[in-house]
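Here's a quick walk through the model you're about to see. Keep the sequence and the 3D view side by side as you read.

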Amino acid sequence: MRIVTLSEVENDLQNLADQVGSERFIEAKRLYMDKVAVVDEKGQPMSAEDVEIVIMPKTIREEEEKAMEEDDDKDKNKPK
């Protein structure tokens, strides 16, 4: 069993969602979670019930990132 932190789980699950899509994600997530032990950033074990991570489809995440970049660009171009 591989030991992973919450940030690693979030990254792994996002990559998994991007690869398999929403239809197959639940099964892929179950298989992944069966093979890992999750610890917090201090290395303390966590139960599966304690792990709550929000995963978005890749297209939505990309749109949100683009909108944030556009907002940043607008802020940089505002006169002070």
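## A pairing inside helix α1

Let's start with Arg30 and Asp34, which both sit in helix α1, four residues apart, or about one turn of the helix. Their side chains meet in a salt bridge, at 3.1 Å from N to O. (A salt bridge here is a side-chain nitrogen of Lys or Arg within 4 Å of a carboxyl oxygen of Asp or Glu.) Side chains of opposite charge can pair when their charged atoms come close.

Arg30 has another partner: Glu27, with the closest N and O atoms 2.6 Å apart. Arg30 and Glu27 are both in helix α1 too, three residues apart, again about one turn. Put together, Glu27, Arg30 and Asp34 are linked in a network of salt bridges. How accessible are they? Arg30 counts as partly exposed because its relative accessibility is 41%, and Glu27 gets the label at 42%. Asp34 is partly exposed as well, with a relative accessible area of 47%. (Buried means under 20% relative accessible area, exposed means over 50%, and partly exposed is in between, using a 1.4 Å probe and protein chains only.)

## What kind of model this is

This is a predicted model, where local features need pLDDT of at least 70 and side-chain atom pairs count only at pLDDT 80 or more, while totals for chains, interfaces and linings use all residues. Residues are numbered from 1 along each chain as its sequence is written, and side-chain values use heavy atoms, leaving out hydrogens and water.

## The overall layout

The chain has two helices and two strands, and from the N terminus on they run β-α-β-α. (Helices are DSSP runs of H or I with at least four residues, strands are runs of E with at least two, and both are numbered from the N terminus.) Of the 80 residues in the chain, 19% are buried.

The whole structure holds three salt bridges. One of them joins Asp12 and Arg2 through their side chains, at 2.7 Å from N to O. This pair ties together distant parts of the chain, with Asp12 in helix α1 and Arg2 in strand β1 (residues 2–5), ten residues apart. Asp12 is partly exposed, with a relative accessible area of 22%; Arg2 is also partly exposed, at 44%.

## The nonpolar core

Which residues make up the largest nonpolar core? There are twelve: Val4, Val9, Leu13, Leu16, Ala17, Val20, Phe25, Ala28, Tyr32, Val36, Val38 and Val51. (A nonpolar core is a set of buried Ala, Val, Leu, Ile, Met, Phe, Trp, Tyr and Cys residues joined through side-chain atoms within 4.5 Å.)

Take Leu16, a core member that lies in helix α1. Leu16 counts as buried because its relative accessibility is 17%. Leu16 and Lys29 are 13 residues apart in sequence, and their C-alpha atoms are 7.7 Å apart in space.

## A negative patch

Over on the surface, Glu69, Glu70, Asp71, Asp72 and Asp73 gather in a patch of negative charge. (Patches take residues with over 30% relative accessible area and no salt bridge, joining like charges within 9 Å and nonpolar side chains, namely Val, Leu, Ile, Met, Phe, Trp and Tyr, within 5 Å.) Asp and Glu count as negative and Lys and Arg as positive, while His and the chain ends are not counted. Glu70 is found in helix α2 (residues 58–77) and counts as partly exposed, at 40% relative accessibility.

Methods:
Areas by Shrake-Rupley, 256 points an atom, 1.4 Å probe, with all protein chains shown as cover. Charge placed at Lys NZ, Arg CZ, Asp CG, Glu CD.
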